[in-house]
Amino acid sequence: MARTVQGVTDPPGESSAFGRLVGDRVSRGLGIAVLAFIAITVAYPALAMVRRFLKVAGERNAETLSFGSTVDIVGFTITQAALSTLLTLAAGLPLAHVLAEYSFRGRRVVEVATLVPFVLPTVVVAIAVQRALISVGMNFDGIDGSLPAILIAHVVFNVAVVVRVVGVYWRAMDRRPNEAAAVLGSTPLSVFWRVTLPRLRPALVAASAVVFLFTFTSFGVIVILGGLSRSTIETEIYRYAITRNDFSAAALLAVVQAVAVGGLAYLNQRLQGRVGASGGSPARRRWSQTMSWQQVLHAGTVIVITLGFLLSPFALLAWRSVRVDSGFGLDHYAALALRPAVLPISPARAVVHSVVFAAAAAIVATVIGVAASVSAQVSSRLARIVETAVLVPLGISAVTLGFGYLVGFTFLELRRSPVLVVVAHAVIGLPFVVAALLPAIRSLDNGVLDAGVVLGATPAHVLRRIALPLLRPAILAGAGFAAAVSLGEFGASGFLARGRSSFTAPQAVFGLLGQPGADFQGQAAALCIVLGLLVVLVVLLIDRGRSTLGRGWL
Amino acid sequence: MGPKLCILVGAAMLAASCGGEPDTIVLLTHESFVLPNGTLDTFTQDTGITVEVVQGGDAGTIVANAIATAGDPVGDVLFGVDNLLLQRALDADVFVAHTAEGLDDVPDRVKLDEQKRVTPIDSGYVCVNFRPDALGDASPPQSLDDLRRPELAARFVTQNPESSTPGLAFLFATIAEFGEDGWQDFWRDLRDNGVVITAGWSEAYNNYYVGGDPGGERAIVNSYASSPVFEGLFGGEEPMVSSILAESCFEQIEFAGILAGTDAEENAGRLIEYLLSPPVQSEIPLSMFVEPVNQRAVIPEEFTRYATPIVAPLALDPAVIGANQARWTQEWLELFRE
């Protein structure tokens with residue numbers, strides 16, 4: 001069923017037109033470069049961590065880690081990640097649909113606003129969700145924890161992934177098969193189920209994989225909302241390594257996690273398949289500039305409900321940030337320029353550091369992500385390995401990576417270098433770039449590319465003048481994502497030893513929230529608002545390129 | 001490194017690697033380490049030694065870092081290992097011994113390692129905080145034992161000892177107070193009478209405690225002796241300040257140590273002596289909000305204005321902590337999962 005509505009489908013075992021244009025040699029070279037990058041930045045440190053932890057543990061065995069409890073932990077980790085992914089899809093698709101179908105002023109701002117929760121430190125969102133649930137009467141005794149609370153927090157974080165990855169793909173999708181189905185008598189619902197959804201599959205699978213792995217390694221949300229009885233592989237690695245210094249148990253769990261993630265990434269790659277839907281056709285659809293009142297109602301309802309849900313923690317913070325002794329004012333924002341007693345530098349400087357890291361990490365992630373997506377277009381074993389490998393960093397514990405960098409990069413004073421912070425941010429951003437770009441390349445209309453070649457253009461010319469402009473929205477969506485991930489990152493880099501010049505905004509939020517005092521709480525709220533607005537601004541700037549779709553790349 | 005190799009490496013490196021110790025040393029510490037701008041610059045002016053401060057997570061994380069990198073450490077000096085974590089760091093041989101000048105001015109109570117592998121720098125307390133005005137008809141707690149009373153336990157919020165340092169210190173406080181035979185009964189009473197356990201300090205204080213921001217409805221929270229100082233100094237124009245249950249306080253002593261494997265042992269020792277010197281010790285109360293250990297330090301009035309003196313804190317021997325912590329926290333977890 002799925003195959004028959006795809007339009008142009010490549011015969012199995014053959015490269016797509018795009019893959020043929022790139023050529024086997026270039027594709028192989030790019031693939032090897034990407035694998036080398038992942039080997040150095042992920043595989044090597046992970047192995048170094050496991051080796052070192054086992055050595056430090058010596059003859060002390062993992063006493064408290066039984067087979068049964070490990071199975072339980074792996075089971076809950078996968079269950080909560082799967083539920084989080086399903087709910088995030090359900091919560092994100094209506095908005096992705098609205099943003100794909102309609103053109104209206106502020107459409108892009110709505111899309112970018114979904115990224116705001118993404119940059120808030122997870123701890124801040126988890127605390128906000130807990131607060132909101134207490135206020136509606138939910139009983140948290142902190143002992144049993146709450147799966148619904150975990151899922152809600154995960155959805156708030158990850159809706160942006162669905163909206164962006166699926167939305168961008170959906171908007172570029174050729175509507176003619178849908179129109180044909182409608183003309184032939186299908187109801188709108190049946191068109192959606194039997195035509196639209198199957199054709200969205202590459203983007204749905206890509207977004208699901210990212211959300212799944214992101215929640216698979218979720219830490220702050222599980223610790224805060226999971227109570228005493230719910231733990232995941234990630235929280236247990238932290239507990240054994242940091243709290244108990246039971247390094248052999250931590251190493252064992254790190255291996256379990258890596259194996260699970262490798263398997264899941266492989267599964268994703270199989271699911272994604274070699275789908276060559278004719279999507280980003282140059283016969284682009286014209287969006288009507290005027291919307292009927294039903295359309296306005298539909299779009300308005302979806303936007304208000306989705307953003308209301310996603311931004312409610314943010315709204316509470318905004319309210320807190322302007323509340324001062326004498327009523328309301330911007331005092332907390334002004335105070336961000338000064339060093340508060342509990343931080344080594346001013347929050348404003350921490351924000352500047354964060355922006356520099358985000359820029360550097362986004363560039364690295366985008367370059368590697370483009371290379372990976374391009375190299376995955378030919379039909380070869382290497383291409384499939386690349387496609388699997390780029391997802392793995394998302395599913396590897398922050399403890400594994402952070403300590404892997406500490407014990408693996410002992411040469412050249414790398415351990416204290418800001419370079420490691422950039423690398424730690426970039427490897428987490430990489431899967432987001434690939435998730436946005438890979439389905440877009442897969443959906444390129446082979447006919448258009450072939451036509452270019454038939455008409456006498458060189459492959460390089462076709463790639464630059466036809467493919468690149470069509471792929472530009474997806475590349476920029478990925479870059480924006482990588483920047484947003486970096487702005488909020490508080491994982492592996494939190495374990496690195498960093499100088500003051502690497503002190504970032506999430507660390508500042510954390511420091512301010514760590515002590516009593518209304519001034520600090522107000523400043524932490526103001527800093528979160530600044531971070532949220534910053535991500536909107538940065539991503540809108542990156543996205544500006546998308547409006548010139550169809551013109552040249554340069 | 002042999003002399004020939006040094007010549008090959010070049011003149012600049014030669015000065016650094018062959019002629020004495022490097023003139024930059026690295027201080028590895030947690031993210032709560034703050035000293036006023038310029039304090040370390042004074043050290044550089046006096047000694048010619050530049051200090052690079054690197055921070056990596058909380059105290060538990062930097063100790064795990066030091067253990068994982070033992071022998072090839074990220075820094076030369078570690079500041080921030082406390083008596084809760086001390087034994088595991090000593091067991092892993094991460095420090096080399098150093099007798100710091102100025103130790104004579106430090107009370108014996110805080111000198112926890114006879115071999116002087118670590119030097120005490122400051123001391124703070126994890127204490128039960130409460131708001132008498134929010135207790136309703138319940139009378140304020142006078143002792144740790146009072147907290148098991150139903151009307152107080154139902155108004156109390158504390159933290160999971162496996163995910164929170166103050167939570168762990170409070171568990172130790174109950175073990176120090178009630179002993180191996182009594183602490184579980186105390187916790188059973190807390191549990192049955194409705195105590196709330198959170199993962200971290202921030203949720204307990206800001207989501208449940210009446211004095212938090214935005215705050216909740218509970219009148220008693222496990223926090224720090226310094227919390228009222230923060231409330232007083234950074235709580236706006238008319239701050240509300242919590243009371244301290246002095247009988248519940250568990251002392252948290254922070255130490256500095258020279259990391260084994262450093263090539264700058266001598267300079268590292270000088271930095272530790274500087275941290276212990278009265279001028280720096282006098283800066284500690286208003287920069288890290290804990291008490292200096294050097295009795296010649298001057299504690300500013302601003303700090304004492306809101307601070308409650310803790311005369312007889314609860315304590316456990318670090319060796320006892322090291323030998324029993326995993327079992328205690330496991331028993332605590334099982335008690336709550338019953």
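In strand β3 of chain B, B:Leu78 is the bridge partner of B:Leu28. The model is predicted: local features need pLDDT of at least 70 and side-chain atom pairs count only at pLDDT 80 or more, while totals for chains, interfaces and linings use all residues. Residues are numbered from 1 along each chain as its sequence is written, chains are lettered from A and ligands numbered from 1 in the order in which they are written, and side-chain values use heavy atoms, with hydrogens and water left out.

**Strand β3 and its partners**

- Strands are DSSP runs of E with at least two residues, numbered from the N terminus, and two of them pair if DSSP finds at least two bridges between them.
- Strand β1 (residues 24-29) of chain B pairs with β3(B) in the parallel sense, over three bridges.
- Strand β9 (residues 243-259) of chain B runs antiparallel to β3(B), joined to it by five bridges; here B:Val77 stands opposite B:Ile258.

**The disulfide**

- Over all chains, the structure holds one disulfide (a pair of cysteine sulfur atoms within 2.5 Å).
- B:Cys127 and B:Cys249 form this link, with sulfur atoms 2.0 Å apart.
- B:Cys127 lies in strand β5 (residues 119-130) of chain B and B:Cys249 in strand β9 of chain B, so the pair ties together parts 122 residues apart in sequence.
- B:Cys127 is buried at 0% relative accessibility, and B:Cys249 is buried with a relative accessible area of 1%.

Definitions and conventions. Helix = DSSP H or I, 4+ residues; strand = E, 2+ residues; numbered from the N terminus. Buried < 20%, exposed > 50% of the residue type's maximum accessible area, 1.4 Å probe, protein only.
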